[in-house]
Amino acid sequence: LIPWGTADIFFPTDFDALGRLYEASAEHVWSGRTDVTPGKRAFSHYQQGAVMRRYQEMKKTTTLCSFNPMVDDFKNARFLLADSYGRVPCAAVDRAPAL
């Protein structure tokens with residue numbers, strides 16, 4: 001075996017199915033609640049390079065020779081971005097435990 005932390009492990013993921021799972025679980029969690037306003041659930045998935053460019057993180061991950069491993073090495077990596085608009089009361093966010 002190779003030493004811990006020296007290799008990346010990726011798992012094949014169906015992001016469309018994962019997004020539908022998110023929507024279903026959000027509906028289950030929030031249905032029937034009267035203390036929050038029902039909102040729209042949404043999800044999208046993007047290639048890692050697109051996320052890096054969108055949030056302008058390129059300068060933080062580009063090497064001196066202009067190589068960017070976050071974009072150039074992980075072209076098949078993706079991000080799932082999901083949200084439940086208007087479903088979490090502000091007070092609940094303030095009380096969330098720190099990670």
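Serine 66 is exposed, because its relative accessibility is 60%, where exposed means over 50% relative accessible area, buried under 20%, and partly exposed in between, with a 1.4 Å probe and protein chains only. This is a predicted model, in which local features need pLDDT of at least 70 and side-chain atom pairs count only at pLDDT 80 or more, while totals for chains, interfaces and linings use all residues. Residues are numbered from 1 along each chain as its sequence is written, and side-chain values use heavy atoms, with hydrogens and water left out.

Back to serine 66. Its phi is positive, about 70°, although serine 66 is not a glycine. The residue sits in the loop between α3 and α4.

Asparagine 68 is in that loop too, between α3 (58-61) and α4 (69-72). Asparagine 68 is buried, because its relative accessibility is 3%. A polar atom of its side chain lies 3.1 Å from the backbone nitrogen of methionine 70. For such polar contacts, the pair is of N or O atoms within 3.5 Å; within protein, one must be able to donate a hydrogen and the other to accept it, and residues adjacent in sequence count only if both atoms are side-chain atoms.

The side chain of glutamine 48 reaches the backbone oxygen of methionine 70 at 2.6 Å. Glutamine 48 and methionine 70 are 22 residues apart along the chain, and their C-alpha atoms are separated by 7.3 Å. Glutamine 48 belongs to helix α2 (residues 48-54) and is buried, at a relative accessible area of 10%.

Now the overall layout. The chain has 5 helices and 2 strands, in the order α-β-α-α-α-β-α from the N terminus. Helices (H or I, at least four residues) and strands (E, at least two) are DSSP runs, numbered from the N terminus. Of the 99 residues in the chain, 16% are buried.

Next, helix α1, residues 15-30. With 16 residues at 1.5 Å a residue, α1 should span 22 Å, and its end C-alpha atoms are 22 Å apart, which agrees; the expected span is 1.5 Å times one less than the number of residues. Which residues of α1 are buried? They are Phe15, Gly19, Ala26 and Trp30. Seen down the axis of α1, the buried residues fall within an arc of 45°, so they line one face of the helix; the arc is that of the directions from the helix axis to the C-beta atoms. Leu21 and His28 are exposed, on the face turned away from the buried side.

At the N-terminal end, aspartate 14 caps α1, with a side-chain oxygen 3.2 Å from the backbone nitrogen of aspartate 16. After α1 comes glycine 32, with a positive phi near 85°.

Last, phenylalanine 79. It is in strand β2 (residues 78-84) and counts as partly exposed, because its relative accessibility is 32%.
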